Structure formats: C-alpha cells, structure tokens
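Welcome to a short tour of a protein chain. Please keep the sequence and the 3D view open, and look up each residue as we come to it.

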Amino acid sequence: MKKFGSSKTVNIVFSLLLAILLAAYVLSIKNYSNSNSSNQYSSLVTEKKETVSVPLTYQYNSDDYVIVGGASTVSVNLQGSSALVTAAKNHNDISASADLRGLGAGQHTVNVALAGVSSSLSATASPQTVTVTLAEKNSAKKDVKVQYDSSKIASGYSVTDTSTDVKTVTVTGPKENVDAVSYIGADVDLDKNTKSNVSQSAKLTAYDKNGDPVQVSLSQSKSNVKLTVAQSDSNSSSKSVKLAAQASAGNLSNFDISFDPSTVTITGSSDTLNSIDSLHVSLDLSNISSKTSTSVSLDKPSGVDQLSVQKVTVTITPKSSN
C-alpha cells in the first residue's frame with residue numbers, strides 16, 4: 001500500500017489549500033494598505049463650517065399680486081472642506097428662492113430652495129420655510145406735492161413759488177394701502193435760515209390724509225424740485241392765528257380736540273391776514289372710538305405766503321356718554 005503523504009490526490013488538495021491561504025493573506029495586506037492610505041488622506045482634508053447671508057427672491061404672479069411682509073434674506077449653513085467653504089463664501093454664488101407660483105391671495109408658508117451650492121458641500125437654509133402674504137395688486141396715480149420746513153426760511157424771506165419735474169406718480173401695492181394714499185410728498189431738505197433759491201433732487205414718499213407715510217411702491221423715487229425764495233414784500237406782515245377743527249366726517253360735538261402747537265404764524269399781505277381769524281384743520285372723526293393722536297398736514301390758505309409750520313399734532317378724545 002502507498003503511504004498517505006505520497007497520494008497524488010492528497011498533494012493536489014494540500015497545494016490548493018495552501019494557494020487559497022496565500023491569496024487570502026495577500027488580499028488582507030492590500031486592503032489594510034488601502035484603508036490606511038485613505039485614512040491618512042482624509043486626515044489631511046480640513047473640515048469647516050460657515051454661515052453666510054444670501055438674498056431671498058420670490059417666484060410669484062407679479063402681474064396680479066404683491067408680496068407683503070416677506071423676508072429679504074436667509075442664512076445658509078455650509079459644511080465641508082475648508083477650501084470649498086471659503087470659495088463658496090468669497091464668490092457668493094449661492095442664491096435662495098421661495099416658489100409661490102400657482103398660489104392665490106392670502107398667507108402661505110413655503111420652502112426655501114438653494115442654488116449655486118457645490119455638490120461636495122452640505123448646505124442648509126435657515127429658516128428652511130418662510131411665511132409670506134400675497135395681496136391683490138392695485139395701482140393708482142397720485143399728485144406730487146412739494147413739502148419743506150418753512151421755519152428754516154430766513155426771517156423776512158418767503159417761498160414765492162415751487163415746482164417739480166414730476167407731477168404725478170403711479171403707486172402700486174395692496175389695495176388697502178393704495179386707497180390710503182392721499183398724495184406724494186416731494187420732501188425738500190433745507191438749510192437753516194435759507195435766503196436763496198433751492199434746486200435739489202427730493203425723495204418722494206407716499207402719505208395718507210394725516211401726513212403719515214404709507215408703504216407702497218412708487219414708479220419714481222425722486223423728483224427735481226425748485227423753490228423760489230425771495231425777500232418778503234414791504235407790505236407783507238405776519239399774524240398768529242388759532243387752529244380750528246373742522247369735521248370732514250363725524251360730529252365735532254362728540255369729541256374734545258387739541259392741537260400742538262395750538263397757534264400758527266401766517267405771513268402775507270395785510271388785506272389777506274385781516275380776513276383770516278383762524279386756520280381750519282379738516283379731520284375724519286368717523287372711526288375714532290378712543291383717544292387718538294396723529295400728525296396732520298396744514299393747508300395754506302389762498303393769499304397766504306407762508307406758514308410757520310406745515311404739520312401739527314392733533315389729539316382727539318371721545319366725550320364720555322352719560
């Protein structure tokens with residue numbers, strides 16, 4: 001009988017097992033080497049976190065609606081390699097948007113979408129949603145009125161004429177706001193004791209009937225304004241008159257009304273001043289149910305060259321009913 005170790009079959013099996021063991025050993029060494037190299041490479045890449053602020057744009061039907069109360073920017077939290085994060089911050093190619101297309105009037109909460117971010121970076125918007133109100137769009141044309149602080153005109157001088165290259169402005173916004181606009185003020189910034197003509201680019205602002213600003217969009221933001229300032233006529237004189245309330249709506253007898261200041265100095269010819277005993281201030285009292293204070297613009301009577309103030313504060317207090 002042949003010895004067991006000399007069997008050809010046993011030798012083949014033994015050789016096969018040895019080959020398998022050697023292959024397994026080589027493979028394990030290779031995997032360890034690759035894993036170690038990868039870990040060494042990863043340790044060389046510095047991770048970084050950064051927060052940047054980016055503009056937020058809205059996609060909506062701008063022909064029919066306007067945005068009310070929407071945020072103008074969002075924060076973006078970036079994380080990744082230091083080089084990529086730094087590049088993203090410096091180049092500022094990231095943008096954020098909120099999609100309201102297909103939505104109607106009312107308040108909506110929508111997601112913030114980011115664009116322009118490298119696929120190798122992790123980016124998260126903060127906040128991830130924004131609440132926005134869509135209001136029906138309305139527009140109207142309003143007259144431009146030149147406004148200035150007459151107390152800054154030097155004593156003995158007066159504004160004899162005003163002009164502006166913009167006569168009307170189209171205001172756009174929510175219907176409620178547009179309806180509240182009474183006029184567009186071209187606000188002239190005067191130096192104290194002004195004695196000469198003034199020509200400047202004046203900011204345009206929408207005001208309601210009480211002289212308070214109204215938030216709307218204007219077709220133009222500025223106008224070129226000129227004031228003609230001249231020494232008052234020797235026949236011109238001044239006179240202090242009281243302010244008197246006049247109701248455009250509501251009943252005056254139901255309210256106690258006071259003005260601050262309570263008197264205004266008017267300048268003009270003696271004949272004109274002799275015919276004026278008080279300066280009437282028109283007030284809408286129809287919706288006042290509690291004590292209210294507001295600023296009111298004064299109208300210059302015909303023939304009067306100048307008012308010492310153009311706005312006064314009026315306090316309206318409903319009388320207690322018995």
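The structure is a predicted model, in which local features need pLDDT of at least 70 and side-chain atom pairs count only at pLDDT 80 or more, while totals for chains, interfaces and linings use all residues. Residues are numbered from 1 along each chain as its sequence is written, and side-chain values use heavy atoms, with hydrogens and water left out.

**Inside the protein**

Let us begin with the nonpolar cores. A nonpolar core is a set of buried Ala, Val, Leu, Ile, Met, Phe, Trp, Tyr and Cys residues joined through side-chain atoms within 4.5 Å. Buried means under 20% relative accessible area, exposed means over 50%, and partly exposed lies in between (1.4 Å probe, protein chains only). The largest core here has 25 residues, and Ile184, Val188 and Leu227 have the most contacts inside it. Two or more residues each come from β7 (129–147), β8 (157–164), β9 (168–174), β10 (183–187), β11 and β13 (222–231). Strands such as these are DSSP runs (E, at least two residues), helices are runs of H or I with at least four, and both are numbered from the N terminus. Strand β11 gives the largest share of this core, four residues. Apart from this core lies another one of 21 residues, including Val76, Ile94, Leu121 and Val132.

Which residues does Val188 touch, leaving aside those up to four places away in sequence? Its partners are Val146, Gln147, Tyr148, Val198, Gln200, Val225 and Leu227. Contact here means heavy atoms within 4.5 Å.

**Salt bridges**

A salt bridge is a side-chain nitrogen of Lys or Arg within 4 Å of a carboxyl oxygen of Asp or Glu. The whole structure holds five salt bridges, and the table gives some of them.

| Pair | Closest N to O |
|---|---|
| Lys209 and Asp284 | 2.6 Å |

Lys89 lies in helix α2 (residues 82–91) and Glu50 in strand β1 (residues 47–59), so this pair ties together parts that are 39 residues apart in sequence. Lys48, Glu50 and Lys89 are linked in a network of salt bridges. Lys48 is partly exposed at 27% relative accessible area, Glu50 is partly exposed at 21%, and Lys89 is partly exposed at 41%.

**A charge without a partner**

Now find Asp208, in the loop between β11 (198–207) and β12 (217–218). Asp208 is buried yet has no salt bridge, and the nearest side chain of opposite charge, Lys311, is 7.9 Å away. For this search, Lys and Arg count as positive and Asp and Glu as negative, while His and the chain ends are not counted. Leaving aside residues up to four places away in sequence, Asp208 touches Ala180, Ser182, Tyr183 and Val214.

**Two more stops**

Leu16 sits in helix α1 (residues 8–44). Is Leu16 buried or exposed? Leu16 is exposed, because its relative accessible area is 53%.

Ala247 is in strand β14 (residues 236–249), and at 29% relative accessible area Ala247 is partly exposed. Ala247 touches Leu252, Leu283 and Leu285, not counting residues up to four places away in sequence. Ala247 and His280 are 33 residues apart in sequence and 9.7 Å apart in space, C-alpha to C-alpha.
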